[in-house]
Amino acid sequence: MYFETNWVFHQPRSWIETNFQKRECIKFIPCPKDDAKCCCGQAQITHQTIPGIESGSPGDLWLPTKHTRPQPTDAYGTIEFQGGAHPTKAQYVRLSFDTRPELLVQLFTKEWNLELPKLLITVQGGKANFDLQAKLKKEIRKGLLKAAKTTGAWIFTGGTNTGVTKQVGDALLLEGQQRTGRVVSIGIAPWGIVERNHELLGHNREVPCHSISSPRSKLAVLNNRHAYFLLVDNGTQAKYGAELILRRKLEKFISNLKLHPFTHSSTPVVCLVIEGGTNTIRAVLEYVTDSPPVPVVVCDGSGRAADLLAFVHKYASDGEEQPVLESMRDYLIGTIQKTFEVGLDQSEKLYQELLQCTRNKNLITVFRIQEKPEGEAQELDQTILTALFKSQHLSPPEQLSLALTWNRVDIARSEIFVYGQEWPNGALDEAMMQALEHDRIDFVKLLLENGVSMKKFLTIPRLEELYNTKHGPANTLGYILRDVRPHIPKGYIYTLHDIGLVINKLMGGAYRSYYTRRKFRPIYAKVMNSYANACRKSSTYQYQRYAGANSLSLVTGLLPFTSEMALFEFPFNELLIWAVLTKRQQMALLMWTHGEEALAKSLVSCKLYKAMAHEAAEDDLDTEIYEELRSYAKEFESKGNKLLDFSYRQDAEKAQRLLTCELHSWSNQSCLSLAVAANHRALLAHPCSQVILADLWMGGLRTRKNTNFKVILGLAMPFYIRQLDFKSKEELQQMPQTEEEHLENQNLDNDDSDRSQPDAEALLADTYSVRDTKVHENGKVSLTDSDPAQFREFFNLSEYNEVKQHQPLRLKKKFYEFYTAPITKFWADSIAYMFFLIMFSFTVLVKMDQMPRWQEWYSIAYITTLGFEKVREIISSEPVAITHKFSVWAWNMWNPCDGAAIILFVIGLAFRFRENTMDIGRVIYCVDSIYWYLRILNILGVNKYLGPLVTMMGKMVKNMIYFVVLLAVVLMSFGVSRQAILYPNKQPTWSLIKEVTFQPYFMLYGEVFAGDIDPPCGEDPSQPGCVTGHWVTPITMSMYLLIANILLINLLIAVFNNIFNEVNSVSHQVWMFQRFTVVMEYQQKPVLPPPFIALCHFYSLLKYCVRKAKGEPGMSKFSFVPCESIVSVGFLSRAAIMYKYLTSLLASVPAPTIVDSACASVTNCITYTPPALLY
């Protein structure tokens, strides 16, 4: 027995088929005008008949809800409009007239992937074709397009290629030519009025279509410039009106949607009237009388209904009575009759509707191209947005929120920030937060101009929220964060500590972000705990902001502003780093122009961008991202260089202080050290930087000619030091110093002052009797009376200051300055190194005895003390963690090479002192000597001409490594083949590796081993037998020499030539960049060279222990002294005494203006802020 089963597979219906329906007329009711047609518009022949449903009588009323039945929609998909250079596509769907609007919004957002509108512009006008004035047409096109694109608006039209919809389509055609993104234009048309609508039937089809209608057809085609179509079906054919109810319901539903999660404002809707008929007037009346009402913008001069509305609006009064319009009643009724070609009754009805519209005059705005407020022609987009503000009674914060959402700073400037406007507490802070999140540069500027204080605005929660925002451009922060936080779960919220780790990684070196320092952690924990408690009390989730009637943010509303919240002394610095890390270049440039420390900010931004570009290249991201980040870095490079140049031309001395100041907000770095970290060669090559480096290199010496010879002579004959020229004491005190040098100079100054002139304070004490202020038990303060005449005598200090200027150095100070000058240390180190090389060469060249000679002992002592110096350099570097210290130390290529050579020497030394391995130790000595000779290149790098050449050599060696890989491939391919053919009977030994590579390698240098190319062989007894394939080796050797000698070697030469040209073009900058490293290196080095450096180490260790015993901090690391220490110490002490004395007299004598000027002069000496440059 066989069973036959028919399997029927039903394809599941799509979401559109499930939720949207079409309408079909199921009962034929004859039309009063034509019995052969149903009231739905279908002919009786084509009308479907349903069994059990009889036809109706001619007088029956046809209703779509009663005489049609719903069925799943059978028409949706994509229309491809033909006729253009490229077909334009539009989504469409056939749906019932009673479709719920929430389903339509879901269709827009879920199926068609549209963002909800920030503004809805519904265009009303005539269905018949009409012409506009050329100027008005241009203004409407431009204004409508600008309003839609700048605000992210949706445009609702009738959808067909007739009347006002065609005019809107022409504007969208202009938008399509601009290629800047497509405006969301939604056409809502009746299904029955669409010509050839049967071609649209199908499920998710792509339908080719032409927007050309048949001349005799009463139907209409769809406009090919719309992107989306809702084809509303109520069962009728060739009749308008099916879409009106659905369109109005959809507009009302969208108007009730929240604009975005952070505000209570709903989506604004505005009606734009262009031309129009009688139905347009009724539509306007519905809009202005609806609840809530919809503002209407009427284009005067477009014709018919629009002109009538504009005329009535012009002469309407604000009250209920309209005496002017009543006096023109007959004229208006006659005009209505002529315009719409209607009877008297209908004209009077339309007249009454016009009067009702005027009762809501404030909701109607007329756009006239003749109007020129404040001398400028008003554009349509401004009229539309201004009409919304006037009609909707919004509070200023809500208006500002709308303007922010639309990104229309011009509207905010002209309509919101008007004279006398008062703002609730925190409203502008909330707007600033939105502007920063959404990258609204112009709004940030506007808010800063109108009183937003960044110091009060920027709190820890807000800054953390900015780093976690999903708005703004795409960035690489997440990729870099995974390097410092390897296992980040999905949805992880970045903390400021994470951001600090990212900054440390990108900045490199000894840089430590404020977010990762110990003093920041307890403050961060306290603030965030308070913030979390406030969030729990208000039942809100982290990073949500509450917006009440005044749009107060959560932090501002629930947490009082305290000094703990205002943790950022320079908020623009923090926002600059945020903008750079999130790749908001224009925002970063804005933050750079505001606040302090502009030069440091440009250098930090440059370094961050370069590091981010490097990370992007390593993560194999798009090349465009790398190039974009590099271009941003170059922009900040240029700005930093221009800023320094401007400052240098204004005041060279203050510009030098600007470069050497210690920046507490930038990890105690200086601008010079930041420039080195950012590899900013142009800035280091600037005359300002070079003057500082030259000053530091010379130390306390002042010699112009034969400097090197004089320094060497001073080292050889110390008594010659007295003949050298030195800087004055005041000049030395204004030079950048290490902390150690600053303490030494203070000690020397104190010793000198004890034996020379009296101290300024003693001078005051001798001349004046200033009594201390007494504070009684009851808190009353009493001051002794002072003679005002003392002022005149007191200011005789200026004479004392003039006498003390340009004091020569004492002999002890001269010796100190000579031996601590970097140039002296350099020559002492170089001479000691050359002497070491001579001694070490002697050691390896002569026979080695069991007991070392004194030359070898000297070499051992030199390298040993050099090793201790390397350890000291690692320990005294700025970072805290030992691994970080080592990475900073290894940044200079010579340091790890020195370390490897010292370790190799120690290994050789261990073998050397054992009798049976002494020869091995000697060989290690010999190998080690190679590096110590190559290390001379480090010394030669100081030279202006040899330094760039050394740099070229380093780059060539780096590039040669890649070439060696290519060469090894070719060499092995020939070497293995040659060895295997010529020597087929070899046994497996390690010597095979040498035999494979030896001859092919030396063939590169011209040694072709002619006898081994084709060795003689044959049947002759005196000759060895020929191996199989022996004739192959000459051929393969010819190919090998062709590829290796000619192709690869010349390729390497071309690469080297390119490196030479590249470095040679910037050789001056390269040398100046290297000069900074050398100057800093010898500035930090101890006075004595190895092996005598051990004495310096012992002295430093002893001094450190003494300071620890006294409870003083040990200062062994090098850093620039803050600006306060750059100023003359003597001048500061005298100025401070002067200020203290003058303030003690304020109770009895009015303070003279010279006090403020004296304080100002001190302040100006200490800090210098260059003027902001707007490039």
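Guide: Contact means heavy atoms within 4.5 Å. This is a predicted model: local features need pLDDT of at least 70, side-chain atom pairs count only at pLDDT 80 or more, and totals for chains, interfaces and linings use all residues. Residues are numbered from 1 along each chain as its sequence is written, and side-chain values use heavy atoms, without hydrogens and water.

Visitor: Of the contacts in the chain with a separation of 6 or more, what percentage comes from residues 24 or more positions apart?

Guide: Take the contacts with a separation of 6 or more. The share from residues 24 or more positions apart is 74%.

Visitor: How many helices and strands does the chain have?

Guide: Helices (H or I, at least four residues) and strands (E, at least two) are DSSP runs, numbered from the N terminus. The chain comes to 52 helices and 14 strands.

Visitor: What percentage of the 1175 residues is buried?

Guide: Buried means under 20% relative accessible area, exposed over 50%, and partly exposed in between (1.4 Å probe, protein chains only). Among the 1175 residues of the chain, the buried share is 47%.

Visitor: How many residues of helix H15 are buried?

Guide: Helix H15 covers residues 427–437. The buried residues include Asp429, Glu430 and Glu437. Helix H15 is largely enclosed by the rest of the structure, because its buried count is 11 of 11.

Visitor: Which residue just after H15 has a positive phi?

Guide: The phi value there is about 60 degrees. The residue is aspartate 439.

Visitor: What span does helix H8 reach from its first C-alpha to its last?

Guide: H8 (residues 304–315) has 12 residues. The expected span is 1.5 Å times one less than the number of residues. That expectation is 16 Å, and H8 comes close to it, at 17 Å.

Visitor: Is arginine 304 buried, partly exposed or exposed?

Guide: Arginine 304 is found in helix H8. Its phi is near 45 degrees, positive in a residue other than glycine. Its relative accessible area is 30%, so arginine 304 is partly exposed.

Visitor: Are helices H37 and H38 roughly parallel or oblique?

Guide: Axes are lines fitted to C-alpha atoms, for helices over the stretch in contact, and angles run from 0 to 180 degrees between N-to-C directions. H37 (residues 811–820) and H38 (residues 822–845) pack at about 60 degrees, with their axes 5 Å apart. Under 35 degrees is roughly parallel, over 145 roughly antiparallel, 65 to 115 roughly perpendicular and the rest oblique. So H37 to H38 is oblique.

Visitor: Which residue forms a salt bridge with aspartate 74?

Guide: A salt bridge is a side-chain nitrogen of Lys or Arg within 4 Å of a carboxyl oxygen of Asp or Glu. Here the closest N and O atoms are 3.0 Å apart. The pair links distant parts of the chain, 20 residues apart, with aspartate 74 in the loop between strands S2 and S3 and its partner in strand S4. That partner is arginine 94.

Visitor: Which helix holds glutamate 637?

Guide: Glutamate 637 forms a salt bridge with lysine 610, their closest N and O atoms being 2.4 Å apart. Lysine 610 lies in helix H25, so the pair ties together parts 27 residues apart in sequence, and glutamate 637 belongs to helix H26.

Visitor: How many salt bridges does the whole structure have?

Guide: Some form a network that links Lys142, Lys146, Glu379, Asp381, Arg408 and Asp410. Across the whole structure, the search finds 42.

Visitor: Where is proline 292 found?

Guide: The peptide bond from serine 291 to proline 292 is cis, with omega near -5 degrees. Proline 292 is in the loop between helix H7 and strand S11.
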